[in-house]
Amino acid sequence: MFKAVVIEKNDQGYRSSLQELDDSQLPEGDVTVKVSHSTLNYKDGLAITGKGPVVRKFPMVPGIDLVGEVEESSHPDYKVGDLVLLNGWGVGEGHWGGLAQKARVKGDWLVPLPSKFTPAQAMSIGTAGYTAMLCVLALERQGVKPEDGEILVTGAAGGVGSVAISLLSHLGYQVVAATGRPDDADYLKSLGAVDIIERSQLSEPGKPLAKERWAGAVDVVGSHTLANVCASTRYRGVVTACGLAGGMDFPSTVAPFILRGVTLVGIDSVMCPREERLEAWQRLAKDLDITKLEAISQEVALSEAIPMAEKLLKGEVRGRLVVDVNA
Ligand code: NDP
């Protein structure tokens with residue numbers, strides 16, 4: 001038997017609860033993982049509360065991230081005792097996920113845990129941190145260099161935003177943080193932000209083109225914020241779009257793209273090819289200041305995952321939430 005958060009949808013409605021499950025109920029897969037930690041991402045919050053159509057099959061164990069030890073494997077790359085991690089691939093959406101003491105998954109979805117990180121540290125990075133790294137890799141691939149000018153990070157005090165600030169500042173970029181929590185300015189500066197702007201400056205409908213400021217941007221907010229970020233990006237600057245915390249729409253014009261040669265790069269972590277994942281985790285091991293991880297993480301027990309999901313969606317959680325599934 002093992003404990004898991006289970007989401008059910010039936011005549012009585014949509015409900016998440018902590019349950020005891022039997023190993024025989026685990027889904028198909030060639031690797032069984034004894035999970036040690038998972039995380040709570042924005043998407044897990046949507047799944048647990050039912051506030052977004054994340055879950056595609058019921059009953060579902062949520063948790064888009066997990067880390068743990070291989071308990072059984074018929075996959076050639078993994079043997080009993082290996083430490084592995086998993087981000088995305090529809091886990092916690094269409095296949096049982098990490099908010100459980102056990103998971104059975106496809107070995108092809110797994111990444112070996114980089115030796116630099118403890119399991120808990122890897123989950124304090126989680127999908128949010130790995131997505132932040134994908135954004136940084138995209139900026140680099142498009143040729144954005146520290147000397148090109150300021151990089152804007154929106155949703156700065158959230159999971160993706162916090163790790164993005166930390167990574168970019170470590171790499172020598174001048175990072176400006178846009179936040180709705182100006183009281184967190186000291187926290188954002190401790191991560192490496194050189195300047196803070198109020199998120200309301202970006203969230204209202206704006207002009208097709210605004211004063212050029214950003215050499216690059218990491219946007220987790222979408223909607224008018226993303227439109228305004230594109231409108232204020234410098235000639236040939238690069239905007240990476242990975243989130244929709246402020247809305248799924250994109251009320252922009254083509255002006256930034258056809259008049260200033262701005263590049264908008266879409267970032268998807270879920271189906272991202274394995275090679276790029278391995279690169280992202282290697283770069284996280286190299287470029288993420290591990291001491292800053294402590295400042296942006298808090299650990300909760302599996303039994304606290306459901307109430308914390310509500311708080312996460314209300315924007316009441318700062319940085320990353322690590323779930324110790326055995327606590
Ligand atoms: P968090 O909840 O940790 O952070 C989101 C942050 O966005 C908040 O902390 C807040 O920052 C800001 N925010 C929240 N609501 C609004 C709003 N209405 N208007 C403007 N800003 C707002 O989430 P994550 O960092 O984990 O994820 C951020 C986004 O990225 C989500 O939309 C998530 O779905 C998406 N995502 C996408 C991935 C991909 O593969 N494309 C992978 C991972 C995440 P502040 O308090 O500083 O204002």
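The model is predicted: local features need pLDDT of at least 70, side-chain atom pairs count only at pLDDT 80 or more, and totals for chains, interfaces and linings use all residues. Residues are numbered from 1 along each chain as its sequence is written, and side-chain values use heavy atoms, with hydrogens and water left out.

Helices (H or I, at least four residues) and strands (E, at least two) are DSSP runs, numbered from the N terminus. Helix 3 spans residues 159–170 and has 12 residues. Its first and last C-alpha atoms are 17 Å apart, close to the 16 Å expected at 1.5 Å a residue. The expected span is 1.5 Å times one less than the number of residues. Buried means under 20% relative accessible area, exposed over 50%, and partly exposed in between (1.4 Å probe, protein chains only). The buried residues of helix 3 are G159, V160, G161, S162, V163, A164, I165, S166, L167, L168 and S169.

Helix 2 (residues 119–141) packs against helix 3 at an angle of about 50 degrees, with the axes 8 Å apart. Helix 2 is therefore oblique to helix 3. Angles under 35 degrees count as roughly parallel, over 145 as roughly antiparallel, 65 to 115 as roughly perpendicular and the rest as oblique. Axes are lines fitted to C-alpha atoms, for helices over the stretch in contact, and angles run from 0 to 180 degrees between N-to-C directions. The crossing of helix 2 and helix 3 is right-handed. A crossing is left-handed if the near helix is turned anticlockwise from the far one by less than a right angle, and right-handed if clockwise. Helix 2 contributes A128, G129, A132, M133, V136 and L139 to the contact. These residues meet G159, V160, V163, A164, L167 and L168 of helix 3. Contact means heavy atoms within 4.5 Å.

An open sheet is formed by 6 strands in the order 10-9-8-11-12-13, with parallel pairing. Strand 10 (193–198) and strand 13 (263–266) stand at the edges, each with a single partner strand, so one side of each is left without a neighbour in the sheet. The twist averages 20 degrees from one strand to the next. Two strands pair if DSSP finds at least two bridges between them. Strand 11 (residues 214–219) and strand 12 (residues 233–241) pair in the parallel sense over 5 bridges. V218 stands opposite T240 in strand 12.

Helix 3 packs on this sheet, touching strand 8 (151–153), strand 9 (175–179), strand 10 and strand 11. The direction of helix 3 makes about 160 degrees with that of strand 8. Helix 6 (residues 223–231) also packs on the sheet, where it touches strand 8, strand 11, strand 12 and strand 13. The direction of helix 6 makes about 150 degrees with that of strand 12. S223, T225, L226, A227, N228, V229, C230 and A231 are the buried residues. They pack against strand 8, helix 5 (200–203), strand 11, strand 12, helix 7 (255–259) and strand 13.

Strand 1 (residues 2–10) and strand 2 (residues 13–21) pair in the antiparallel sense over 9 bridges. A hairpin of 2 residues joins strand 1 to strand 2. V5 has L18 of strand 2 as its bridge partner.

K34 lies in strand 3 (residues 31–40). At 48% relative accessibility, K34 counts as partly exposed. Apart from residues up to four places away in sequence, K34 touches V67, G68, E69, E71 and Q101. V70 is in strand 4 (residues 65–73). V70 counts as buried, at 1% relative accessibility. Leaving aside neighbours within four places in sequence, V70 is in contact with V31, T32, Y78, K79, V80, G81, D82 and V84.

The axes of helix 1 (residues 42–49) and helix 10 (residues 305–313) come within 8 Å and cross at roughly 115 degrees. This crossing is left-handed. The contact involves Y42, G45, L46, I48 and T49 of helix 1 and A305, I306, A309, E310, L312 and L313 of helix 10.
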